[in-house]
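Please keep the sequence and the coordinates at hand while reading.

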Amino acid sequence: MARVKPVFKPSDCPDDADEATREGIAEFFEQLFPGNTAPEIDASHTGLALAAHSPKFASGLSRLTRSVVLEMGWTDRRDLTELAVQAVN
């Protein structure tokens with residue numbers, strides 16, 4: 001059974017990744033952590049680190065989650081917001 005290792009930081013890029021994927025992962029981390037010289041996804045966001053194997057998908061997921069949390073004014077209840085984020089992810 002194959003195991004997928006999360007990409008918590010750009011250097012965690014899989015050894016068998018092609019150049020386009022490597023560049024995509026670098027761009028994804030720059031989008032998440034602009035200007036940070038040591039970007040890293042924390043353990044509480046392992047799902048995003050797994051999605052980073054497909055940088056375009058991970059970027060879209062990140063934008064969607066951000067929209068649910070910051071831009072949708074449908075509730076002020078933190079528990080409902082967290083439930084929505086879990087449903088999206």
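From the N terminus on, the elements of the protein chain follow the order α-α-α-α. The secondary structure thus listed comprises 4 helices and 0 strands, where helices (H or I, at least four residues) and strands (E, at least two) are DSSP runs, numbered from the N terminus. The model is a predicted one, in which local features need pLDDT of at least 70 and side-chain atom pairs count only at pLDDT 80 or more, whereas totals for chains, interfaces and linings use all residues. Residues are numbered from 1 along each chain as its sequence is written, and side-chain values use heavy atoms, with hydrogens and water left out.

Confidence is expressed as pLDDT, the predictor's confidence in each residue, from 0 to 100. The protein chain has an average pLDDT of 88, and 98% of the residues score at least 70. Within the chain, helix α1 (residues 19-32) has the highest confidence, at a mean of 95, and α4 the lowest, at 81.

The C-alpha trace spans about 45 × 35 × 20 Å along its principal axes. Of the 89 residues, 28% count as buried; buried means under 20% relative accessible area, exposed over 50%, and partly exposed in between (1.4 Å probe, protein chains only). Contact means heavy atoms within 4.5 Å. Among contacts between residues at least 6 apart in sequence, 46% join residues at least 24 apart.

Two helix pairs may now be examined. Their geometry rests on axes, which are lines fitted to C-alpha atoms, for helices over the stretch in contact, with angles running from 0 to 180 degrees between N-to-C directions. Angles under 35 degrees count as roughly parallel, over 145 as roughly antiparallel, 65 to 115 as roughly perpendicular and the rest as oblique. A crossing is left-handed if the near helix is turned anticlockwise from the far one by less than a right angle, and right-handed if clockwise.

In the pair α1 and α3, the axes come within 9 Å and cross at roughly 20°. The two helices are therefore roughly parallel. The crossing of α1 past α3 is left-handed. On the α1 side, the contact is made by T21, G24, I25, F28, Q31 and L32, and on the α3 side by P55, A58, S59, S62 and R63. By class, this contact has 5 nonpolar, 5 polar and 1 charged residues; Ala, Val, Leu, Ile, Met, Phe, Trp, Tyr, Cys and Pro count as nonpolar, Asp, Glu, Lys and Arg as charged, and the others, Gly among them, as polar.

S59 counts as buried because its relative accessibility is 10%. Not counting residues up to four places away in sequence, S59 touches F28 and Q31.

In the other pair, helix α3 (residues 55-71) packs against helix α4 (residues 78-88) at an angle of about 160°, and the axes are 9 Å apart. The helices α3 and α4 are therefore roughly antiparallel to each other. Here α3 passes α4 in a right-handed crossing. L61, L64, T65, V68 and V69 in α3 meet T81, A84, V85 and V88 in α4. The residues of this contact divide into 7 nonpolar, 2 polar and no charged.

T81 belongs to helix α4. With a relative accessibility of 10%, T81 counts as buried. Leaving aside neighbours within four places in sequence, T81 is in contact with V69, W74 and T75.

H53 lies in the loop between α2 (46-51) and α3. Its relative accessible area of 29% makes H53 partly exposed. Leaving aside neighbours within four places in sequence, H53 contacts V4, K5, V7, P14 and T21. The C-alpha atoms of H53 and C13 are separated by 7.7 Å, although these residues are 40 residues apart along the chain.

C13 is located in the segment before α1. At 10% relative accessibility, C13 counts as buried. Not counting residues up to four places away in sequence, C13 touches V7, R22 and I25.

K5 also lies in the segment before α1. With a relative accessible area of 65%, K5 is exposed. With residues up to four places away in sequence not counted, K5 touches L50 and H53. The C-alpha atoms of K5 and M72, 67 residues apart along the chain, are separated by 32 Å.
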